[in-house]
Amino acid sequence: MMAPSGIGMTSETTRRRLIKRLRDKGIQDERVLDAMAAVPRHLFVDEALSSRAYEDTALPIGRGQTISQPYVVAMMTAAVLREGRLGKVLEVGTGSGYQAAILSRLADKVFTTERIGELQRSARQRFHRLGLHNIYTRHADGNEGWPSQAPFDAIMVTAGGDIPEQLFEQLAEGGVLVAPETAGTHQQLVRVTRRQDGYEREVLGAVTFVPLRTGLE
Ligand code: SAH
């Protein structure tokens, strides 16, 4: 048999180029770069868009939603990592499943919720096909978190709005939550760390995410 050409080859090369770009933009954590080099982003978008999968840009995934820009995925992932491997991680907003796939390489278990059933089902199929057996998905409103699996070492919200109070309560001590929060007319990425005596808050920078909504579709 001949070696596969086309997207197979192209994606190898273009993926490596993306990793270099992320490095140039200031992503230094090798664990993050390794995870992003290993996950085939072109399998998380429609075939018609797969040739653009290794551009550093957000892309539509249907239902008015987007797969986040790789740089933002890298930055948010780096923001929840500490020394050593993460135990349990919660993501709100599965979307394509790409961010969850990245997290699955850096954590023991990833729990991810998506409020749009169609997107949740496609993401679940991708996890299955890629053999990512440590990702658990639910068609659910992520505003409630995933109480039966709490506490989490890290919580990542990938839709922008007011951060639901319940999520803070589901953080382990020393756990970190990263979320895009509405600030006036724009959004800013915040990192909240749960300490023994309260919560510590940092603003990481301006971002643009699709809105965090309530209820199911
Ligand atoms: N992390 C995704 C990007 C997702 S875009 C990826 O890697 O592809 C944000 C997603 O959050 C959308 O799919 C949207 O439907 C979902 N979402 C918005 N509000 C939500 C909520 N309350 N609960 C769960 N998912 C939500």
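Two or more lining residues come from each of β2, α3 (70-80), β3, α4 and β4. Helices (H or I, at least four residues) and strands (E, at least two) are DSSP runs, numbered from the N terminus. The model is predicted, with local features needing pLDDT of at least 70 and side-chain atom pairs pLDDT 80 or more, while totals for chains, interfaces and linings use all residues. Residues are numbered from 1 along each chain as its sequence is written, and side-chain values use heavy atoms, leaving out hydrogens and water.

The volume of the largest pocket is about 530 Å³, taken as the space filled by probe spheres set on grid points that are joined across faces, edges and corners. Its lining comprises 17 nonpolar, 14 polar and five charged residues. In this scheme Ala, Val, Leu, Ile, Met, Phe, Trp, Tyr, Cys and Pro count as nonpolar, Asp, Glu, Lys and Arg as charged, and the others, Gly among them, as polar.

The ligand sits in this largest pocket, meaning that more than half of its atoms lie within 2 Å of the pocket's grid points. Around the ligand are 28 residues, the closest being Glu91, Ser96, Glu114, Gly142 and Arg213; a residue counts if one of its heavy atoms lies within 4 Å. This shell holds ten nonpolar, 13 polar and five charged residues. β2 (65-67) gives the most, with three residues, and β3 (86-92), α4 (98-104) and β4 (107-114) each supply at least two.

The side chain of serine 96 has an N or O atom 2.6 Å from a ligand oxygen, and a backbone N or O atom of glutamine 99 is 3.0 Å from an oxygen of the ligand. For arginine 213, a backbone N or O atom lies 2.6 Å from a ligand nitrogen. The protein buries 99% of the 580 Å² that the ligand exposes when taken alone, with areas from the Shrake-Rupley method and a 1.4 Å probe.

The second largest pocket holds about 160 Å³ of space. Its lining includes Phe44, Pro60, Ser96 and Arg126, and α5 (117-129) contributes the most, with four residues.

Definitions and conventions:
Polar contact = N/O pair within 3.5 Å; in protein donor to acceptor, adjacent residues only side chain to side chain. 1 Å grid on protein atoms, 1.4 Å probe; cavity = no way out; pocket = protein on both sides within 12 Å on 5 of 7 lines; lining within 4 Å.
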